[in-house]
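Please look over the sequence and structure before reading on.

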Amino acid sequence: MKHQDWSDETLMAYADGELDAPVAKEVEAAARADPRIAERIASFGKTRDLLKEAARARASDPLPPQLEAKVRETLRSARAEAPDSSKVTAFRQSWERGSNFRPTTIAASIALAAGLAGGFFVAQNRDGADGLRGPAFPTPEIAGALDTLASGRTQDVDGGEFQAIASFMNSDGELCREFELQAPELGRMVSVACRSDTGWQQRLALIEDVAPDGGYAPASSLEMLDIYLGSIGAGAPLSSDDEAAALREVAR
Amino acid sequence: MEDSFEEHLIAALPALRRFALSLCRRADIADDLVQTAVERAVAHRDQYDPDMRLEPWLFRILRNAWIDQSRRRATRGTEIDVTVSPEAATVDGTRVNEARLMLRETEEALAALPDDQREVILLVCFEELSYAEAAEVLGIPKGTVMSRLSRGRVALAEKLGIS
């Protein structure tokens with residue numbers, strides 16, 4: 001039920017007290033003149049009240065004592081010593097090593113530019129001058145996975161395992177995909193590739209030495225990824241529907 | 001002694017955990033997520049602008065931690081229904097009153113919404129963030145917050161028979 005002059009967004013903002021006074025006055029006048037507008041506003045008020053009730057019910061769930069204790073311990077140790085990023089463990093599943101990987105095509109095309117704390121190497125290529133964009137990367141299989149694989153899914157490529165992590169648009173309006181490649185001799189590579197007119201270009205690769213136990217990665221690696229994503233103006237991850245639409249667009 | 005940042009952070013834990021639960025729907029993962037967010041917040045507290053409210057900043061950190069994690073999680077294991085709180089579990093048929101029924105229906109309707117709409121509703125209607133704060137947490141324009149929020153609430157109203 002749309003009204004000629006007043007969008008749902010504006011009427012909702014009025015109900016939520018988010019409108020500037022002059023606009024709010026106009027909405028009030030419109031609501032007095034048209035009972036359908038008044039009803040629409042009242043409906044938004046009702047959903048707000050209901051949701052507040054629901055929030056109160058959830059709020060009554062007590063905070064687990066062990067969680068609070070752990071948080072207090074974190075605060076205590078942060079006070080006691082300077083921040084130590086190696087203590088911050090990223091919270092991700094461990095993975096199984098692949099068994100029959102032949103890493104030559106992938107590994108040969110990756111430049112290890114700088115050693116970093118936490119067992120990571122970074123290789124970054126903004127203009128494709130050297131390193132990452134060797135003739136072999138992305139390999140046809142990886143490019144195919146970038147073209148089609150929905151985020152969250154994995155696929156075997158070149159003997160390793162490719163996992164699509166997320167898709168987003170950068171500030172240049174290019175579709176970019178974050179993905180991981182895992183293989184015993186490569187370790188794990190967290191990578192970002194963006195789609196230009198000529199195809200997929202790898203723009204960032206963080207290569208992690210695999211811990212002997214296949215355990216947790218230092219969070220610093222993901223923080224570095226965050227910094228990189230910030231630097232290219234990465235938008236929020238696309239929803240699965242938006243991603244599917246963007247990939248269809250790429251396929252055309 | 002705790003400073004005001006720490007006190008405020010402790011005070012925000014219930015809201016953080018609620019938000020975490022709404023994202024991952026598993027109590028154990030939610031607790032780990034809160035802990036991860038706290039660790040990141042403490043490590044980056046110099047980036048916090050004291051003129052801003054702490055909660056939206058914490059929510060944003062927690063949401064980013066969740067994205068890091070969930071996007072890398074091929075299988076999510078068993079998700080629990082967030083409505084299975086101790087309170088909801090005591091519903092026994094004879095003592096169901098109308099308000100509680102409505103509450104359950106609200107939760108069910110909420111759970112059926114698309115993720116992007118539910119997320120905005122949780123931030124604005126549950127955690128009482130302003131539209132601008134929610135936009136900041138989600139990294140999207142305020143106009144997008146408003147359109148998702150209004151679509152979500154219109155859908156809720158229709159499901160719940162409110163017109």
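## Basis of the description

Contact here means heavy atoms within 4.5 Å. This is a predicted model, in which local features need pLDDT of at least 70 and side-chain atom pairs count only at pLDDT 80 or more, while totals for chains, interfaces and linings use all residues. Residues are numbered from 1 along each chain as its sequence is written, chains are lettered from A and ligands numbered from 1 in the order in which they are written, and side-chain values use heavy atoms, with hydrogens and water left out.

## The interface of chains A and B

In this model 56 residues of chain A are in contact with 62 residues of chain B. The area buried between the two chains, that is, the accessible area (1.4 Å probe) lost on putting them together, summed over both, is about 5400 Å², and carbon and sulfur atoms give 61% of that area.

Across the interface of chain A and chain B there are two salt bridges, each being a side-chain nitrogen of Lys or Arg within 4 Å of a carboxyl oxygen of Asp or Glu. A:Lys52 forms a salt bridge with B:Glu128, with 3.8 Å between the closest N and O atoms. On the side of chain A that touches chain B, helix 3 (35-59) is among the elements giving two or more residues, and helix 3 supplies the largest share, 15 residues. Helices are DSSP runs of H or I with at least four residues and strands are runs of E with at least two, numbered from the N terminus.

## A pair of helices across the interface

Helix 4 (residues 65-80) of chain A and helix 1 (residues 4-24) of chain B have axes that come within 11 Å and cross at roughly 150°, where axes are lines fitted to C-alpha atoms over the stretch in contact and angles run from 0 to 180 degrees between N-to-C directions.

## A salt bridge within chain A

Over all chains the count comes to 20 salt bridges. In one, the side chains of A:Arg177 and A:Glu243 meet at 3.3 Å, N to O, and this pair links distant parts of the chain, A:Arg177 lying in strand 5 and A:Glu243 in helix 8 (residues 240-251), 66 residues apart.
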